[in-house]
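Here is a short briefing on one protein chain. Keep the structure open while you read.

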Amino acid sequence: MRLKFWSALLPLLLVLATVFPAVAQDAERDATRAKLATLLARVGQRSDVNTTFTQSTKNPYNFIGSATGGLSNAQSLEIVISVTKSNTIGFRIYPHYNNGYINIGKAKDPNGLMRRMLLFSDDNFLFWGADDSADVFCGYGITLESGFPDDAITIVLRSIRDTDKYVGELRPFFDGSTGK
């Protein structure tokens, strides 16, 4: 009788053991998203950020903004900030040039573009990369292991506009070949 009881209870215990951590993780992620929304509303108004962030309609854990003022090389900087499942906040900044993304596959010198991006990743505060569509971005990742880092997020947001000068340095490798 005892064995029958435990064998019937074991599947229920296994289900509960897998559901509770997922629920706790979602609650923590939701709390981080709420803190980030509040911070972005406040810091986005700073003159050195000057960007309005909205929650993405495609992914509720993403915030989207577009920096346009004070740029001399890019038309705009599309900013995507994600609260990830792995307890981090990820930043992806996509420079827009010639009515589209900078794309490695459409660059007139893709090897030169990638080489320069690698050098920028070594020299810059933000790293450089390309997504699965070969669109160029710069980015940053912040871990949340020690709590919610208001100051670190603010510093990253204040540094995004510097991306524009690096777009100018990348132009010889893609100029005239981008746009979607």
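**Briefing: loops, strands and a helix pair**

Asn-87 counts as partly exposed, because its relative accessibility is 26%, and the cut-off for buried is under 20%. Note that this is a predicted model. Asn-87 sits in the loop that joins strand E3 (76-83) to strand E4 (88-97). The points below start with the whole chain, then go through loops, strands and helices.

**The whole chain**

- The chain has four helices and seven strands.
- Read from the N terminus, the order of elements is α-β-β-β-β-β-α-β-β-α-α.
- The chain has 180 residues, and 42% of them count as buried.
- Take the contacts in the chain with a separation of 6 or more: 60% of these come from residues 24 or more positions apart.
- The accessible surface of the chain is about 10,300 Å². Carbon and sulfur atoms hold 55% of that surface.

- Most residues other than glycine have a negative phi.
- Asn-87 has a positive phi, near 65°.
- Asn-98 also has a positive phi, near 55°.
- Where is Asn-98? Asn-98 lies in the loop between E4 and strand E5 (100-101).
- Asn-98 has a relative accessible area of 35%, so Asn-98 is partly exposed.

**Strand E1: Gln-55**

- Gln-55 belongs to strand E1, which covers residues 54-55.
- Is Gln-55 buried or partly exposed? Its relative accessibility is 41%, so Gln-55 counts as partly exposed.
- Beyond its neighbours within four places in sequence, Gln-55 contacts Arg-33, Pro-60, Asn-62 and Phe-63.
- Gln-55 and Val-80 are 25 residues apart in sequence. Their C-alpha atoms are 9.8 Å apart in space.

**Strand E7: Cys-138 and Ile-142**

- Strand E7 spans residues 136-143 and holds Ile-142.
- Cys-138 is buried, because its relative accessible area is 0%.
- What does Cys-138 contact, leaving aside neighbours within four places in sequence? The partners are Phe-91, Arg-92, Ile-93, Leu-126, Phe-127, Trp-128 and Thr-163.
- One of these partners, Phe-127, is eleven residues from Cys-138 along the chain. The two C-alpha atoms are separated by 5.4 Å.
- Ile-142 has 8% relative accessibility, so Ile-142 counts as buried.
- Ile-142 and Asn-87 are 55 residues apart along the chain. Their C-alpha atoms are separated by 8.8 Å.

**Helix H3: Thr-154**

- Thr-154 lies in helix H3, residues 150-159.
- Why does Thr-154 count as buried? Its relative accessibility is 12%, and buried means under 20%.
- Set aside the neighbours within four places in sequence, and Thr-154 is in contact with Leu-39, Val-43 and Arg-46.

**Helix pair H2 and H4**

- Helix H2 covers residues 110-123, and helix H4 covers residues 163-174.
- The axes of H2 and H4 come within 8 Å. They cross at roughly 160°.
- How do H2 and H4 run relative to each other? Angles over 145 degrees count as roughly antiparallel, and H2 and H4 are therefore roughly antiparallel.
- The crossing of H2 and H4 is right-handed.
- On the H2 side, the residues that meet H4 are Gly-112, Leu-113, Arg-116, Met-117 and Phe-120.
- On the H4 side, the residues are Tyr-166, Glu-169, Leu-170, Phe-173 and Phe-174.
- The residues of this contact divide into seven nonpolar, one polar and two charged.

Key. Residues numbered from 1 in each chain as written. Predicted model: local features only at pLDDT ≥ 70, side-chain atom pairs only at ≥ 80, totals over all residues. Heavy atoms only, no water. Helix = DSSP H or I, 4+ residues; strand = E, 2+ residues; numbered from the N terminus. Buried < 20%, exposed > 50% of the residue type's maximum accessible area, 1.4 Å probe, protein only. Contact = heavy atoms within 4.5 Å. Axes fitted to C-alpha atoms, helices over the stretch in contact; angles between N-to-C directions. Parallel < 35°, antiparallel > 145°, perpendicular 65-115°, else oblique. Left-handed = near helix turned anticlockwise from the far one by under 90°. Nonpolar A, V, L, I, M, F, W, Y, C, P; charged D, E, K, R; others polar. Areas by Shrake-Rupley, 256 points an atom, 1.4 Å probe, with all protein chains shown as cover.
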